[in-house]
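Me: Could you help me read a structure I have open? I'd like to take it slowly, one topic at a time.

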Amino acid sequence: MKKVWEVIKKILIWIGTVFVAIFTVLFVKEHRDSMVVSTDSTTGHDEEEINARAEKKRQETIERISNADARSICESYGSVCDTISDGKERFRRRCQRAHD
């Protein structure tokens with residue numbers, strides 16, 4: 001009788017484990033589906049607002065770049081100035097070699 005009881009317990013444990021696994025999969029799937037639906041319902045208005053702000057910023061940036069002086073833009077980047085001065089120096093050396 002003791003062995004029969006142990007076999008019944010093992011069978012019930014396996015059935016319980018399978019039931020918990022199925023319940024967990026269904027619960028996670030339902031929770032994930034509800035999150036997608038709630039996210040989709042709120043993004044419609046937010047997307048339009050974000051796109052409007054982005055377009056406004058894009059237009060401001062285009063206007064600012066078109067009004068800016070190219071030299072002032074280049075000088076704001078130190079590596080650009082260093083590269084330009086290196087190029088000028090190489091050109092001077094090359095011209096001196098041609099002169100000699």
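Reply: What follows is a short talk about charged pairs and a surface patch in this predicted model.

Me: How many salt bridges does the structure hold?

Reply: The structure holds 3 salt bridges. As background, side chains of opposite charge can pair when their charged atoms come close.

Me: Which residue does R53 pair with, and how far apart are the closest N and O atoms?

Reply: R53 pairs with E49, and their closest N and O atoms are 2.7 Å apart. Both residues belong to helix α1, where they sit 4 residues apart, about one turn of the helix.

Me: Is R53 buried or exposed?

Reply: R53 counts as exposed, because its relative accessibility is 56% and the cut-off for exposed is over 50%.

Me: What about R58, which residue does it meet in a salt bridge?

Reply: R58 meets E55, with 2.4 Å from N to O. These two are 3 residues apart in helix α1, so about one helical turn separates them.

Me: New topic: which residues form the nonpolar patch on the surface?

Reply: The patch is formed by V4, W5, V7, I8, I11, L12 and I15, which together have about 690 Å² of accessible area. V4 is found in helix α1, residues 2–67, and V4 counts as partly exposed because its relative accessibility is 48%.

Notes
Residues are numbered from 1 along each chain as its sequence is written. This is a predicted model: local features need pLDDT of at least 70, side-chain atom pairs count only at pLDDT 80 or more; totals for chains, interfaces and linings use all residues. Side-chain values use heavy atoms; hydrogens and water are left out. Patches are made of residues with over 30% relative accessible area and no salt bridge: like charges are joined within 9 Å, nonpolar side chains (Val, Leu, Ile, Met, Phe, Trp, Tyr) within 5 Å. Accessible areas come from the Shrake-Rupley method with a 1.4 Å probe; for residues, only the protein chains shown count as cover. A salt bridge is a side-chain nitrogen of Lys or Arg within 4 Å of a carboxyl oxygen of Asp or Glu. Buried means under 20% relative accessible area, exposed over 50%, partly exposed in between (1.4 Å probe, protein chains only).
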